[in-house]
Amino acid sequence: MSEKRDLLAIGHTALDYIIQVNEFPLPNSSTTINNMRTFYGGAAANVAVVASSLGLESSLVSAVGGDFSGSEYQKQLENLKINIKDMIMVDDDKTPTAFVLTDANHDQIFYFYWGAATRFKESPVPVDAIADVQAVHLATGDPTYNLKCGEFARQEGKIISFDPGQDLHMYSSPDLLNVLKTCDILFGNHHEIGRILGSINMDIDQLRDYGPSIVVETRGRNGSVIYSDNKIDIDAVERYPTDPTGAGDSYRAGFLKSYLEGESLEYCGKLASAVSSFIVEAEGCQTNIPTIDMAIERMLTI
């Protein structure tokens, strides 16, 4: 094992309110909430937590509020031995909070309160945290901060993955081009990859020539596609989706776990698919995380 930690996730740590409804309301109307529970989340934290559970030594840099210090969430991250010493602490604001509404068709609408994360833009690059890892994952968060971190990580020769997720709308076309130029792997669902290509006016091949040599497109129950020198189709692991929230983040963690260990891209996709299948079986992004042995056993069924 290298003396360096394996993976640094940069982006949101958040509280998730997972809300189940039969259907989304129309404007100026209402709907009944069938169930609502609070869970630990945030895309960067989800990646760090799942990656740690799979055996990677993980670090996390997020902007969190005064309510995070001494919280059960902080204790859980510390118990998982995730390095959080470089977290951006904003005592006079709240930790970011997500309200995730899921309807009977498993479609989702997200509302996100940034809170302390508005301070990302003015925060310095976590130089020591980046220097201490093999790979940096740029998750949902401020485009300016992600670009600063990506550029420094590139200078340091790190493996860089990028997943703008639900914050994609915050990236202008120049923002996207600048961040994509720094990264090796781009993750996104099929909607997000389509919007990225449209925004920068490129196709997959042009994108891979420009920046990330690997583009991973997740397609929910239709599996995923890995674009590299060859196009690799990965089947989904069919499980009843109690709650799809966090499936994408866990896929990224599973993929990066395998990738950093030198596995083939097909293996990376299959393990990632297996990992994400556990997450959808329970409510919450960090609720039903498998061990690496559990994930491998399920992967062999693909």
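User: How many salt bridges are there?

Analyst: A salt bridge is a side-chain nitrogen of Lys or Arg within 4 Å of a carboxyl oxygen of Asp or Glu. The model is predicted, so local features need pLDDT of at least 70 and side-chain atom pairs count only at pLDDT 80 or more, while totals for chains, interfaces and linings use all residues. Residues are numbered from 1 along each chain as its sequence is written, and side-chain values use heavy atoms, leaving out hydrogens and water. By this rule the count is 10.

User: Arginine 252 forms a salt bridge with which residue?

Analyst: The closest N and O atoms of this pair are 2.8 Å apart. Arginine 252 is in helix α8 (residues 247-260), and its partner, 89 residues apart, is in the loop between β10 (159-162) and α5 (173-182); helices (H or I, at least four residues) and strands (E, at least two) are DSSP runs, numbered from the N terminus. The partner is aspartate 163.

User: Is arginine 252 buried or exposed?

Analyst: Buried means under 20% relative accessible area, exposed over 50%, and partly exposed in between (1.4 Å probe, protein chains only). The relative accessible area of arginine 252 is 3%, and that of aspartate 163 is 5%, which also counts as buried. Arginine 252 is therefore buried.

User: Which helix holds both glutamate 266 and lysine 270?

Analyst: Their side chains meet in a salt bridge at 3.4 Å, N to O. Glutamate 266 is partly exposed at 38% relative accessibility, and lysine 270 is partly exposed at 25%. The two are 4 residues apart, about one turn of the helix, in α9.
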